[in-house]
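I opened my notebook to look up a few things in this structure. Here is what I wrote down, step by step.

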Amino acid sequence: MTTVQPMAERVSAPPAGGAIPAAAQAPAANRRVALLRVLGPGHVWALGVGIVLVGEFMGWNFAVGKGGAVAALAACWLAGILYTCVAMIDSEITSTVAAAGGQYAQAKHIIGPLAAFNVGLYLVMAYTMLEVSNAIVTGDLIEAFAQSLGLEGAIDKRAFMVLTVVALAFLNYRGVLATLTLNLVITAAAFAAIVVLFVATQPWAPGAVLQHEALLGALPYGSLGILAAMHFGLWFYLGIEGTTQAAEEVRSPARALPLGTMTGMMTLLIAATLTWYVCSGLMPWEYLGQAVTPLYDAARLTGSRWLELFLFLGTLFATVASANGCINDASRAWFAMGRDRYMPVWFGAVHPTYRTPYRAIVFFVPIAILFAVSTPLDQTITFSILSGLLGYTLMALSIVLFRRKWPLGSIQRGYVHPLHPLPAVLLLVLCVVTYLAVFLGYGTQLLAMMAFYITASAWFVLHRYKYVRRGDQFTMPWPKPRGY
Amino acid sequence: MFAGLTLLILLCSAAFCVRQHRREAAWRAGLLDDCTGPLSEPRLGRDRAGFATLRGRVGPAVVDVRLVPDTLVHRRLPQLWLRVTLRMPLETEAVLDVLRRPAGAEFYAPDQLPLRLPVPAAWPADTLVRGTAGADVPLACLTPVLSRVLADPRVKEVLVTPDGLRLTVQASQGARGTYLLLRGSRFPLSRLESDQFADTLRDGLDLARTLSEPSSETRHACAA
């Protein structure tokens, strides 16, 4: 599950602010650049679903452990409302703040350097913990598959966790440029694996394979379980808001972004429900709630070796691709912070041959390995979700400030989300509910994370900020914000 | 049989990757094959990453052409920059750098220029103009030509130094799907079009000529 939709280099953006003389515009018209404004709602949908689908293979099932299978489904829907608000708000901000860099650059322009510093840290932490989670799943998966082949005890999963992190970091260090065309195959295989598993379990014949009647109990912890499950409910969609980052390439942002994002969420909801339906009909909630590879385990329970192989490959492809994306994104976010002097400028170095942020990549290798071999999967996922959640909370504050500093009509917006400030208020309320849910199950981790961010912020304000080049960072051709 | 099939899948994947790697290497090496026309004594080569390079001469200038893949900006599609350097003595003591749409990660642009100059009114607002002491003089001289050059949205950077100048323009932008799924950089470009290279070269020569042999109009601007 990766959390990024990239923006295009704004080669066709009209020259904002100053007008270029007509004579000067002629050559540009003759040499019109392709690629811009080519995406429709279908593209936004496909790309959003493609990158988030990986989350079906692991992580979501911890919601079952917090409140039972039914609570997990309820949390899935509640999290859907949270992400609807996120998508609406992010669509407006992204279609207006046309600076590559995603939420980091947006926070820099709308709130200020301290918020940008924190958002940068959230991104790095979310990606790194997601990478660690993927490495853990890969290790567990390979160990389980080796056991199926009769190699029990011969394989140490920690070796494969380390191997995954090191191998992918090496590929990112070398900057593999377009050497793989397996991406579509990988996504298609991952998607097909879920569909094939669903069909193979004969959902049209309850009781034949799926045993919902026997396994699907009531809420084991009552309605409090639904609240607790909200924590991992976010996993169903984490990253879907990234579709709004395609604002510069869609033909009609006002139509395509919300439409593509919402239909993407509906698709994920259906995929999540299918996954939930199959897994909850094959495994008791007590087991499902702590499984590392729920879909692969479900395939093993069907007794079909072919299905097991298919789900092994699907899960492996999906997690490795996701881990690769995470290493790439975390290193770029860290590199950007180094370039902006938010972090030591040493991290802003580029490899002379491979053109990669090699110091940022290498820096995170031991950290990822340490977490992978020492921390349980549910905790690394919690760290990732918490970082995402902190970002969403800032997003709610961000849109309020954005509308206050640059009211409607003062700058050109690609999309204006309706019912402001209702989505922001609803988002804040749901974020608070989710913090409470995290506190119920992982209070220590929540407090540790808050302490980390507060300490880091104090370091930034008291020490690091004096190195920041303030003037060079703000490049949006906007009027001064109201009140300044 | 089960283990055999797994091994077969792994072998097929490895063979596929080797084939892709060879194809990629050939693609990188041939990107500038159509661009030798405007240069005298053209010499094609490859840099350490396997991308094509081209050297040659145009008039008094030694021309150095390189392709720079850029995947460093967080949440931006990969870019393939075409960098055309004209090495020749120019009539300026200062360094001037004009950067369009700065994102802070432009590793190919100079990072330590001390002065930030105001952006001329006719230029796009998201332009960063920096330089060393005295950079306002070449900026004033070059403003009319730069206005025309910067009107092409593909132009990313123009760097002017006493030893020559350099233009960086977008050659291609990475495909979104490839980037999203595996952070791959697949550029929908088989070879760089000779027209684009010729246009960039012409822009560079115009800038050099304007600095070296000021016309009455630019001389007036410099004096002002």
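I began with burial in chain A: of its 484 residues, 56% count as buried. I noted the cut-offs: a residue is buried if 20 or more other C-beta atoms lie within 10 Å of its own, exposed if 12 or fewer, and partly exposed in between, with C-beta atoms placed from the backbone.

Two reminders for myself before going on. This is a predicted model, where local features need pLDDT of at least 70 and side-chain atom pairs count only at pLDDT 80 or more, while totals for chains, interfaces and linings use all residues. Residues are numbered from 1 along each chain as its sequence is written, and chains are lettered from A and ligands numbered from 1 in the order in which they are written.

Next I looked up the secondary structure of chain A and found 17 helices and 0 strands. Helices (H or I, at least four residues) and strands (E, at least two) are DSSP runs, numbered from the N terminus.

I then picked helix α13 (residues 294-302) of chain A, where 7 of the 9 residues are buried. Among them are A:Pro294, A:Tyr296 and A:Arg300. After α13(A) comes A:Gly303, with a positive phi near 85°.

How do helices α6 and α17 of chain A cross? I found that the axes of α6 (residues 113-148) and α17 (residues 422-462) come within 10 Å and cross at roughly 135°. Axes are lines fitted to C-alpha atoms, for helices over the stretch in contact, and angles run from 0 to 180 degrees between N-to-C directions. That angle makes α6(A) oblique to α17(A) (under 35 degrees is roughly parallel, over 145 roughly antiparallel, 65 to 115 roughly perpendicular, and the rest oblique). On the α6(A) side, the contact is made by A:Leu114, A:Phe117, A:Asn118 and A:Leu121. Two residues are in contact if their C-beta atoms, placed from the backbone, lie within 7 Å.

Then I turned to chain B. I saw an open sheet of 9 strands in the order β1-β2-β3-β4-β9-β8-β5-β7-β6, with antiparallel pairing (two strands pair if DSSP finds at least two bridges between them). β1 (40-46) and β6 (115-117) of chain B stand at the edges with a single partner strand each, so one side of each has no neighbour in the sheet. From one strand to the next, the twist averages 20°.

B:Val98 has B:Val129 as its bridge partner in β7(B).
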